[in-house]
Amino acid sequence: MRVLLIEDDHVLGSAINDYIIAEGHGVDWMKRLDEAQLALDTTNYELILLDLGLPDGRGLDLLKSLRAADNQVPVIITTAQDQVAVRIEGLNSGADDYLVKPFDLGELNARLSAVARRYSQVAAPQITIADLSIDLSRKSLRKNSKAIILTSREWAVLTCLLRKRGAIVAKADIENSLYAFGAEVASNAVEVYVSRLRKKLGKDFITTIRSMGYQIE
Ligand code: CA
């Protein structure tokens with residue numbers, strides 16, 4: 001999943017940024033509204049984490065302009081304990097959820113997964129494909145009832161493919177969900193993860209569609 005983090009507090013921002021990367025997602029961290037707007041103009045995000053007080057304006061104004069433009073990207077607002085009225089205004093302006101600062105990173109992760117699930121095309125987090133049973137929310141996977149361990153990046157690639165199950169997913173889309181803006185991406189990274197997944201899950205599990213991308217039937 002590719003996340004846009006908008007937060008001007010360096011300590012909090014860098015903790016959230018590192019945590020999201022460790023969970024296997026790509027994240028772009030912006031500290032001002034104008035930077036965030038630029039990122040939104042050029043990139044499709046699957047989730048926005050939005051601080052409300054920013055040096056060049058109110059986070060709520062960004063949220064309102066997104067919704068006014070019919071952009072339905074999931075938004076979680078982050079607010080201080082005493083900002084009840086602002087929180088309500090946020091939810092009324094189209095925020096999907098909120099987190100009260102300071103929040104536990106485990107709680108952040110639970111919200112991230114919940115929002116991702118709500119918007120993914122995978123109806124249920126439990127998926128059975130041939131001899132595999134996959135629980136996307138718990139990140140657990142069994143093949144013939146035997147547990148198989150995946151790394152967080154392998155999960156990210158698998159989740160990206162499963163969300164569009166049956167469709168051909170372009171290599172660039174898989175890369176997008178893995179890496180942050182400007183981060184170094186080895187040109188064969190996706191091939192490497194796909195090949196690891198095939199080793200673990202079966203060589204026919206992921207189909208390569210030449211010069212188009214990858215597919216899980
Ligand atoms: Ca702030």
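## Close-up views of the predicted model

**View A. Asp135 is found in strand E9, which spans residues 132–135.** Strands (E, at least two residues) and helices (H or I, at least four residues) are DSSP runs numbered from the N terminus. This is a predicted model, in which local features need pLDDT of at least 70 and side-chain atom pairs count only at pLDDT 80 or more, while totals for chains, interfaces and linings use all residues. Residues are numbered from 1 along each chain as its sequence is written, and side-chain values use heavy atoms, with hydrogens and water left out. Asp135 has a relative accessible area of 5% and is therefore buried (under 20%; exposed is over 50%, partly exposed in between; 1.4 Å probe, protein chains only). The side chains of Asp135 and Gln126 are joined by a polar contact of 3.2 Å (a pair of N or O atoms within 3.5 Å; within protein, one must be able to donate a hydrogen and the other to accept it, and residues adjacent in sequence count only if both atoms are side-chain atoms).

**View B. Asp8 (OD), Asp51 (OD) and Gly53 (O) coordinate the calcium ion at 2.2 to 2.3 Å.** Along the chain, the donors of the calcium ion show the spacing D-x42-D-x1-G. Donors are N, O and S atoms within 2.8 Å of the metal (3.2 Å for Na, K and Ca); water is not among the atoms, so sites may look incomplete. Asp51 is buried at 5% relative accessibility, whereas Gly53 is partly exposed at 47%.

**View C. Tyr19 lies in helix H1, residues 10–22.** With 19% relative accessibility, Tyr19 counts as buried. Tyr19 touches Leu105, Gly106, Leu108 and Asn109, residues up to four places away in sequence not being counted (contact means heavy atoms within 4.5 Å). Between Tyr19 and Leu105 there are 7.4 Å in space, C-alpha to C-alpha, and the two are 86 residues apart in sequence.
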